Amino acid sequence: MARVSQEHLDARRRQILDGAALCFARNGFHATSMQDVLKEVGLSAGAVYRYFSGKDELIEAIVGEVLEVVGGVFESAAEQSPPPLPDEMIPSLLATLKEVRPGVVQDGEWIFPRLMLQAWTETVRNDDLAAVIHAGYDRVRAGWAKVVEGYRAADLIPEDVDADAMARVMIALAQGFAAQMAVFGELPPQTLGDGVRALMRMRDPRAGA
């Protein structure tokens with residue numbers, strides 16, 4: 001019997017994840033059955049269950065992939081000297097997510113923001129998914145903190161800036177933009193950059209008081 005190549009296995013796993021992501025975006029996690037996923041990907045139950053034990057594992061894999069990409073973006077940015085400023089980094093992050101899986105498109109709509117909102121609410125009942133998201137958030141927060149340290153080293157921010165606090169706020173900005181896109185539709189990258197840039201330029205009337 002001919003051995004199945006790793007490339008084939010990876011492609012099949014990719015096919016299943018993309019099909020599941022489309023189903024989840026269309027109908028939500030709870031209204032989507034494994035039968036819906038099988039129909040979407042055009043595979044037998046045996047072929048799908050070879051890779052994933054069920055719906056919860058599919059959800060965790062999709063979310064885990066996104067967090068892996070996000071963490072990598074910030075870690076790479078931290079290696080630059082100086083790191084890109086937030087008005088560049090946040091639009092770049094969302095653009096990167098759109099380019100990679102599961103940044104799939106359904107009827108012309110980028111579905112990641114909708115999946116993100118579903119994943120947040122799903123953590124209330126799914127402890128395993130909550131653990132995946134918490135671990136991913138910790139990695140992203142640590143990556144952002146390194147970026148802030150890069151700003152400090154380049155003398156772009158004061159020495160007394162709380163790196164973790166700034167990291168949490170920058171993550172919240174990216175999450176907030178994604179949430180808006182989930183509800184109201186996509187925002188042009190320029191809108192994201194202009195908004196963050198405007199915040200960065202705000203003058204503090206308390207300075208020097």
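UniProt positions are given here in the numbering of this chain, and such annotations may be inferred rather than shown by experiment. With that in mind, the unreviewed UniProt entry marks residues 10–70 as "domain: HTH tetR-type". Please note as you look around that this is a predicted model. The chain holds nine helices and two strands, and 43% of its 209 residues count as buried.

**Overall architecture**
- Reading from the N terminus, the elements follow the order α-α-α-α-α-β-β-α-α-α-α.
- Along the principal axes, a box of roughly 75 × 35 × 30 Å is filled by the C-alpha atoms of the chain.
- Among contacts in the chain with a separation of 6 or more, 70% come from residues 24 or more positions apart.

**Annotated regions**
- The span 10–70, which carries the "domain: HTH tetR-type" annotation, is 77% helix and 0% strand.
- Its end C-alpha atoms lie 21 Å apart.
- The unreviewed UniProt entry also gives a "DNA-binding region" annotation, which covers residues 33–52.

**How α6 meets α8**
- Two packed helices are described by the angle between their axes and the distance between the axes.
- Helix α6 (residues 112–122) packs against helix α8 (residues 163–184) at an angle of about 110°, and their axes are 8 Å apart.
- Angles of 65 to 115 degrees count as roughly perpendicular, so α6 is roughly perpendicular to α8.
- On the α6 side, the contact is made by F112, P113, R114, M116, L117 and W120.
- On the α8 side, the contributors are Q175, A178, A179, M181, A182 and V183.
- By type, the residues of this contact comprise ten nonpolar, one polar and one charged.

**A closer look at V148**
- V148 sits in helix α7, which spans residues 127–153.
- Is V148 buried or exposed? V148 counts as buried because its relative accessibility is 0%, and the cut-off for buried is under 20%.
- Setting aside neighbours within four places in sequence, V148 touches I157, V161, A163 and M166.
- V148 and A165 are 17 residues apart in sequence, and their C-alpha atoms are 10.0 Å apart in space.

Notes:
Residues are numbered from 1 along each chain as its sequence is written. This is a predicted model: local features need pLDDT of at least 70, side-chain atom pairs count only at pLDDT 80 or more; totals for chains, interfaces and linings use all residues. Side-chain values use heavy atoms; hydrogens and water are left out. Helices (H or I, at least four residues) and strands (E, at least two) are DSSP runs, numbered from the N terminus. Axes are lines fitted to C-alpha atoms, for helices over the stretch in contact, and angles run from 0 to 180 degrees between N-to-C directions. Angles under 35 degrees count as roughly parallel, over 145 as roughly antiparallel, 65 to 115 as roughly perpendicular and the rest as oblique. Contact means heavy atoms within 4.5 Å. Ala, Val, Leu, Ile, Met, Phe, Trp, Tyr, Cys and Pro count as nonpolar, Asp, Glu, Lys and Arg as charged, and the others, Gly among them, as polar. Buried means under 20% relative accessible area, exposed over 50%, partly exposed in between (1.4 Å probe, protein chains only).
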